[in-house]
Amino acid sequence: MPNFSYRAYDRAGSQVAGTINAAGVKEAVQELKNTGLYPTSVNESGAKGSAAKGRVKADVLAAFTRQLATLLASGTSLTEALSVLSENAGNPRLSSIVLSLKESIAGGSSFAKALEAHGNVFTPMYRGLVVAAEASGSLESVLPRLADYLEKRAKISSEVRAALTYPALMTFVGVSVLGFLFVFVIPRITRIFEETGAALPFITVVLLWTADLIGGYWHAAIALFGGLGWLAWRKAGTPKGIRLIDNLLLKLPWFGPIVMSFYVASFSRTLGSLLKGGVQFLKALEITAEAVGNNNFREMIGAAVKDCTGGSALSASLKASGLLPPVVVHMIGVGERSGSLDEMLLKTAEAYDAEFENGVKKSLTLLEPVLILVMGVVVGFIVLAMLLPIFELNQVIR
């Protein structure tokens, strides 16, 4: 349903503002009247809504959460803190969202309820922690832990993107140079060899055949690979495609263990943070299943919810799935028996975060020389294929 911003008077004659979800303007007005408010204006959130669409970067959201926690700890009220942050957000999209949150809370909504209107920015985990924090009155102490979680995720994402930049640039430049050689340079040299009528070495014949193929059909090749890429992208968004990709990522040689360590860290940190923030155990598992981002883990956690509802231990259910490494299951079992499951999960997350970062660094360290080696082999092949017939021609002339 669309989101409407409103201004109204309550029974005491005080002016209030906020947002409401309704099927239309009339329905919104009627719902406001049913709650004892007398609206003066009800408008669909157009400019604000469009500005608030999309995603806010994790580091920006982490900074907002940290600043909000600091203001609340200093004794500032929630609405006043949001008002200050909306003016100093530095991000138009986030500023619009924070202003909408302030209006909703000023209209009588809870913070967690206001966050639901922006589910594309505030994840189920974020909202779940806020619900538990508001219920226990510990919002100012939970928000710093939530900011730590967001900062950690943003740091990992930033490091991976930065590490991939150089290999991606090398690959792009290498492919562009080779494409230029095969399409424009090699065909011109080919004419020289054809004019001599001499027998060419096999390696040169292979190169010229490849150049003719690329030069004559590169338009079709681009269309073919573009079509295959578009088809793969469409299939990847289907449930069957998602399942296939999730299975493949975990089973890839070399990269599979790295991906596994990422998801183990994500699972452990999310569940541990939720439990540390006071979220009820089964609810924390359900939120973790939504946030973990891998179909295999989602199914494992869904089965754990059913098993734990029936009285089984979490470690026993996770062990039966066979997905998690045995050491992780053991640590979770230790946490359950000692009553410190949240702390044990967070320690596990730290260990697997470090394992993931080390795995990525090692992989990228190896990737760079491999790319250089491949480029060297290809360029060496081209140079050798071009020079061999020239040397033979020189011998014939002599």
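**Figure 1. The largest nonpolar core of the predicted model.** This nonpolar core, a set of buried Ala, Val, Leu, Ile, Met, Phe, Trp, Tyr and Cys residues joined through side-chain atoms within 4.5 Å, has 65 residues, and Phe 64, Leu 68 and Leu 324 touch the most other members. Buried means under 20% relative accessible area (1.4 Å probe, protein chains only). Nine residues come from helix α11 (residues 255-276), which gives the most to this core. Helices are DSSP runs (H or I, at least four residues), numbered from the N terminus. Apart from this core lies another, of 11 residues, including Phe 182, Phe 193, Ala 385 and Met 386.

**Figure 2. Surroundings of Phe 64.** Not counting residues up to four places away in sequence, Phe 64 touches Leu 82, Leu 85, Leu 94, Val 98, Phe 122 and Tyr 126. Contact means heavy atoms within 4.5 Å.

**Figure 3. Arg 269 in helix α11****.** Arg 269 counts as buried because its relative accessibility is 8%. Its side chain makes a polar contact with the side chain of Glu 350 at 3.0 Å. A polar contact is a pair of N or O atoms within 3.5 Å; within protein, one must be able to donate a hydrogen and the other to accept it, and residues adjacent in sequence count only if both atoms are side-chain atoms. With neighbours within four places in sequence left aside, Arg 269 is in contact with Tyr 149, Lys 152, Leu 346, Ala 349, Glu 350 and Asp 353.

**Figure 4. The loop between α10 (239-251) and α11****.** Trp 254 lies in this loop. Its phi is near 70°, a positive value in a residue other than glycine.

**Notes.** In this predicted model, local features need pLDDT of at least 70 and side-chain atom pairs count only at pLDDT 80 or more, while totals for chains, interfaces and linings use all residues. Residues are numbered from 1 along each chain as its sequence is written, and side-chain values use heavy atoms, with hydrogens and water left out.

Key. Buried < 20%, exposed > 50% of the residue type's maximum accessible area, 1.4 Å probe, protein only. Helix = DSSP H or I, 4+ residues; strand = E, 2+ residues; numbered from the N terminus.
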